[in-house]
Amino acid sequence: MVEVPQISEFGKILIFLITGFIFMGLMFFINRLIAPHNPTPEKLTSYECGEEPTGNAWLPFNSRFYVIALVFLLFDVEMVFVFPWATVFGNHQIIAADARWGWFSLAEMFIFLGILILGLVYVWVKGDLDWIKPKQAIPSSNTNIPDSLYDQLNIDQSSFKVRAFTAETVQQEAVIATSERAFPAPIRKPMFKPTFKKSTDE
């Protein structure tokens with residue numbers, strides 16, 4: 001009787017990848033058949049968090065995103081290196097074989113975290129983690145007008161009161177408007193007289 005060859009671990013991964021590609025292609029094909037296809041200019045525009053795109057895409061982005069990316073790299077991606085360390089540090093068989101593996105892995109993790117903390121302190125001292133706040137710009141001028149005059153002007157303008165709307169104010173405004181129509185402003189004459197020269201051929 002002939003033995004059936006067993007599939008290796010890499011063969012299982014290959015079968016898993018091939019099956020995944022077949023299912024993805026099948027889903028795209030069914031989507032192409034069933035889904036309606038009505039492209040419009042609004043549908044073809046880029047979509048970013050519900051915001052309508054305005055202007056050119058080649059613009060400088062806000063550096064707050066750069067700060068968030070730095071924090072993410074410092075405190076999240078290093079977890080990829082912590083998991084293998086935890087498997088070695090928590091393996092009782094390795095530590096039972098040689099107790100120095102536990103101390104070595106512990107010292108290695110302290111060195112790794114020390115480098116990360118050193119990088120964090122460096123970025124913190126440089127001020128890259130400070131949240132961007134608008135700086136107040138106080139306008140300055142070279143005039144010799146005292147500040148007390150500006151303060152007095154602001155006080156005078158703040159004490160302005162709106163007149164109450166009554167029938168008398170409407171009549172007064174109507175009288176002023178009719179008087180302006182009755183006596184129009186005089187027409188100004190030009191300040192110069194144009195002179196015309198006769199041609200010498202006549």
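Tutor: The crossing of α3 and α5 is left-handed, a term used when the near helix is turned anticlockwise from the far one by less than a right angle. This is a predicted model, where local features need pLDDT of at least 70, side-chain atom pairs count only at pLDDT 80 or more, and totals for chains, interfaces and linings use all residues. Residues are numbered from 1 along each chain as its sequence is written, and side-chain values use heavy atoms, leaving out hydrogens and water.

Helices here are DSSP runs (H or I, at least four residues), numbered from the N terminus. The axes of α3 (residues 79–89) and α5 (residues 100–126) come within 9 Å and cross at roughly 160°; these axes are lines fitted to C-alpha atoms over the stretch in contact, with angles from 0 to 180 degrees between N-to-C directions. The two helices are therefore roughly antiparallel, the word for angles over 145 degrees.

Now the residues. On α3, the contact (heavy atoms within 4.5 Å) is made by Phe81, Val82, Trp85 and Phe89, and on α5 by Gly102, Ser105, Leu106, Met109 and Phe112. These divide into 7 nonpolar, 2 polar and no charged, where Ala, Val, Leu, Ile, Met, Phe, Trp, Tyr, Cys and Pro count as nonpolar, Asp, Glu, Lys and Arg as charged, and the others, Gly among them, as polar.

Notes
Angles under 35 degrees count as roughly parallel, over 145 as roughly antiparallel, 65 to 115 as roughly perpendicular and the rest as oblique.
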